[in-house]
Amino acid sequence: MTGPDLKLSACALAVHDVDEALGFYRDVLGFEVRGDTGSAGVRRVSVGPPSQPDVRILLQPPGSGPGVSPTDRQTIQDLLSKGLLGHLVFVTDNCDAAFEHIEATGAEVMQEPVDRPDGTRDCAFLDPSGNTLRFTQPRQATP
């Protein structure tokens, strides 16, 4: 039995400071701003890679959804501070060039480029809020 054709449209990422996160995703990674809204005193900005106009990453304060208690909000904030919440993986055609570009901006390096047993090459950084961002270069096809 075949299921429906599903595609990711959007995901949410908790960030300590929306403006700081926006600067990183827009100015360092080159993402486009797809929306900048606010309601009930909470600002949310959506960004995405220019090559994927249908994908949005929503940058929002931790625990900003309705019904989140102050205690839960603090727990979420604490987990975010430890780098234990957000994790995004991006595909690149040149892991080393991506690493050099992002490292040159002063972003916190988690892992320098390394070759994996499956033939991929990847590296990782933390965004300003402590979310893990991994950049993976797929195995080169052999002729």
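Predicted model: local features only at pLDDT ≥ 70, side-chain atom pairs only at ≥ 80, totals over all residues.
Let me begin with the pocket. The volume of the largest pocket comes to about 520 Å³. Its lining is made up of 20 residues, and those nearest the centre are F31, P49, Q52, F90 and V91.

Strand 5 gives the largest share, namely four residues.

Strand 5 also leads us into the sheet pairing. It runs parallel to strand 8, and five bridges join the two. Within strand 8, the residue opposite V91 is T136; V91 is also one of the residues nearest the pocket centre.

I turn now to strand 8 itself, residues 132–137. Because six of its six residues are buried, this strand is largely enclosed by the rest of the structure. The burial holds for both faces: T132, R134 and T136 point one way, L133, F135 and Q137 point the other way, and all are buried. I would draw your attention to R134, which is among the buried residues of the strand.

Strand 8 has a further partner in strand 7, residues 121–126. These two strands are antiparallel and pair over six bridges, with F125 standing opposite L133 of strand 8. Strands 7 and 8 form a hairpin with five residues between them, and there G130 adopts a positive phi near 95 degrees.

To summarise, strand 8 pairs in parallel with strand 5 and in the antiparallel sense with strand 7, while strand 5 provides four residues of the pocket lining.

Note on methods:
Residues numbered from 1 in each chain as written. Heavy atoms only, no water. 1 Å grid on protein atoms, 1.4 Å probe; cavity = no way out; pocket = protein on both sides within 12 Å on 5 of 7 lines; lining within 4 Å. Points joined across faces, edges and corners; volume = space filled by probe spheres on them. Buried < 20%, exposed > 50% of the residue type's maximum accessible area, 1.4 Å probe, protein only. Pairing = 2+ DSSP bridges.
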